[in-house]
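Take a moment to turn the model around before you read on. We'll walk through it one piece at a time.

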Amino acid sequence: MLISPSILSADFANLEEELDAIASADWAHVDVMDGHFVPNLTIGLPVVERLVEVSPVPIDTHLMIEDPDRWAPMYAELGAKSVTFHIEAAADPKTLARNLRALGARASMALKPKTPWEPYAELLPELDMVLVMTVEPGFGGQAFMADQMPKVRAVRESVRRYGGEVWIQVDGGVSASTIEQCAEAGADVFVAGSAVYNADDAAGNVDKLRALVAAHQH
């Protein structure tokens, strides 16, 4: 069970400090948005390259961008340890996943809320993680979509049948009040933005979320 705080809710003027504040987390989740695939624009390669250099934890990049077949491998090349592309934007997901792995990154595929899982289940052998979005991608601070839990369960069941070591990540509205639902459905990597950064104690919030998941496991 891994906690990956999203810096989308952090102070963009002080990202090194904000990363240090979550040194107790397992990953740092970095949302890359291009203003095309999603209506928002955040950060890109040069900023992520610097974040990789200063982060106390590995960087988990979530690419909400068009043409990930071209761009995603560049994030792996500069040191992002997990690179997530959106299946809705990928032209050749199998080749892309293999390219990411060849560059030393974990290959991950994301699904928007309206995108079904079943057509892509056959890609599991190429993947290290599946991200089930629990909000519409593009903006932080949205309300959690509980109606995505059956999809998390479906992915978990596919992983069980396949028998491989594939993580299931949830991202969007994950907080102290929703994280247990996610764990119950089968998620094991939890992205939390405002639930970590919207108070003064980011590290304490990470610990709190971890404790809730741990309590659920027992």
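This is a predicted model: local features need pLDDT of at least 70, side-chain atom pairs count only at pLDDT 80 or more; totals for chains, interfaces and linings use all residues.

Residues are numbered from 1 along each chain as its sequence is written, and side-chain values use heavy atoms, with hydrogens and water left out.

Let's begin with strand S7, residues 167–171. Strands here are DSSP runs of E with at least two residues, helices are runs of H or I with at least four, and both are numbered from the N terminus. In S7, 5 of the 5 residues are buried, so the strand is largely enclosed by the rest of the structure. Buried means under 20% relative accessible area, against over 50% for exposed and in between for partly exposed (1.4 Å probe, protein chains only). In a regular strand the side chains alternate between the two faces of the sheet. Both faces of S7 are covered, with Trp167, Gln169 and Asp171 on one side and Ile168 and Val170 on the other.

Who are the neighbours of S7? On one hand there is strand S6 (residues 129–133), which pairs with S7 in the parallel sense over 5 bridges; strands pair if DSSP finds at least two bridges between them. Leucine 131 has glutamine 169 of S7 as its bridge partner. To get from S6 to S7, the chain passes through helix H5 (residues 149–162), in a right-handed β-α-β crossover (with the strands pointing away from the viewer, the path from the first strand over the helix to the second runs clockwise).

S7 also pairs in the parallel sense with strand S8 (residues 189–192), over 3 bridges. Here valine 170 stands opposite phenylalanine 190. The chain runs from S7 to S8 by way of helix H6 (residues 179–185), and this β-α-β crossover is right-handed too.

Now look at the loop between S7 and H6, where you'll find serine 175. Serine 175 is buried, with a relative accessible area of 18%. Its side chain makes a polar contact of 3.0 Å with the side chain of serine 177 (a pair of N or O atoms within 3.5 Å, one able to donate a hydrogen and the other to accept it; residues adjacent in sequence count only if both atoms are side-chain atoms).Finally, Trp167 and Gln169 are among the residues lining the largest cavity (on a 1 Å grid over the protein atoms alone, points where a 1.4 Å probe fits but cannot get out; lining residues have an atom within 4 Å of a point).

Key. On a 1 Å grid over the protein atoms alone, a cavity is a set of points where a 1.4 Å probe fits but cannot get out, and a pocket is an open set with protein on both sides within 12 Å along at least five of seven lines; lining residues have an atom within 4 Å of a point.
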